[in-house]
Amino acid sequence: MTDAVINLDLPGPVVSRHQHGHFAEHLGRCIYDGIFVGPDSPIPNDNGIRLDVVEALKEIGIPNLRWPGGCFADDYHWKDGIGEDRPTVVNSLWGDVVEDNSFGTHEFMRLIELLGTEPYICGNVGSGTVQEMSQWVEYLTRGDDSPMARLRRENGRDEPWSVKFWGVGNESWGCGGNMRPEHYADLARQYGTYCRDHGDNTLYRIACGPNVDDYAWTQTLMATVGDLGCGCRPTDHFQGLSLHHYTFGRSWEQKGSATEFSDDEYWYAMANAFRMDELISRHAAIMDVYDPTRRIGLVVDEWGTWWEPEPGSNPGFLVQRQTLRDALVASVTLDIFHNHADRVFMANLAQTVNVLQAVLVTDGEKLTRTPTWHVFKLNQGHGDGELLPVAWRGDRAVRAVAHDGPRPDTQLPLLHASATRRDGRMLLSVTNLALEATTATFDLRAARPPSRAGNC
């Protein structure tokens, strides 16, 4: 028996709805066959966008969608994907296939409109230019007779869109340029300067943050948040800092099968998922030194399970099936995000359709909602709710998980929870990582209880 106390009337930080975001890259069958089938497809579509995918994503209230990458973003030149005459390019990063650019800026923004969600566009810093990204912002968001606004109108769109979230490159420490943190820190300031607000569209610029536990990268980036001697506010250059962390089996080199795994391999994966709590805490502590008022949000814009590709598939397409293990990884990770509401502003599951820990899988006209989709459905009500801390009484059951190399054993708590209050109602989510049933009692305390206590 495990006991916990939740005080329903104590104030807490708001859980951003953007923590439940998603990520769609030009990778494998995520865009083509997954989201986009072309206007001539017999599958019901809107200008090529699959309507069954749209409806399934609307069911889980998708708050934002990141595009076009990922690693693909730093090979992507946006002008290739507008207008009638679009060149083909080679997607050498993912499967070495030809990309015809039939899904570009206008198609993505139409998808955003159908979903009723917010776009998060990742710009090209690795192989692009400051001018290229600056013009993309102008093309999408400027409403007068500027050069890029005229070009947008020539391509059939009169009014500008609202595009708040912009990634300043992706994984610049790796596939996005193999940069040193000092070099990228200067680029983040440079790109942040020239990616401007147009009209009422205020940008939220997200700088490329660390790979997993690269705390030196975070410190280098955050050290630029200070007196820049230019008369401008320090955080005008970026408002968010990204973090990437994937869950796998014993190690990155031994990710393991998506569907065939031992009990020990299960525990390795759960410990790796739980590591998200440590990573957020330690990166947030560094951010707090330079940004004590927490104006800069931590954006975990790539997370999820990453197993060995499905046998017989193109290894560059990152095809994997799902089990209940994936659902539990999603559940405990969302608990962790909720409980770090004071710093985690956004997160993006990788990836939306047919790739890695997808919420949807397509096969011709068939559409399947994965176990992870159902976890997002159960957690949907937490967005924009006020966090209610869960105080555990006594010792929670833990599992010691040993790791290869210098990392100490993980003391993995087997029971996790997060709770929020919104509009007079409470939602409690509980995750049991044990291999058997567990009993828990939650003592709900308040001067006046909410009208309804939600799902476990």
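The crossing of helices α2 and α3 in this predicted model is right-handed, a term used when the near helix is turned clockwise from the far one by less than a right angle. Helix α2 covers residues 105–115 and helix α3 residues 130–141; their axes come within 12 Å and cross at roughly 50 degrees. Axes are lines fitted to C-alpha atoms over the stretch in contact, with angles from 0 to 180 degrees between N-to-C directions. That angle makes α2 oblique to α3, the class left after roughly parallel (under 35 degrees), roughly antiparallel (over 145) and roughly perpendicular (65 to 115). In α2, T105, H106 and M109 meet W136, Y139 and L140 of α3, contact being heavy atoms within 4.5 Å. By class, this contact has four nonpolar, two polar and no charged residues.

The protein has nine helices and 23 strands, taken as DSSP runs (H or I, at least four residues, for helices; E, at least two, for strands). The C-alpha trace spans about 65 × 55 × 50 Å along its principal axes. Of the 456 residues, 55% count as buried, that is, under 20% relative accessible area with a 1.4 Å probe and protein chains only.

Residues are numbered from 1 along each chain as its sequence is written, and side-chain values use heavy atoms, without hydrogens and water. Local features need pLDDT of at least 70 and side-chain atom pairs 80 or more, whereas totals for chains, interfaces and linings use all residues.

Notes
Nonpolar A, V, L, I, M, F, W, Y, C, P; charged D, E, K, R; others polar. Buried < 20%, exposed > 50% of the residue type's maximum accessible area, 1.4 Å probe, protein only.
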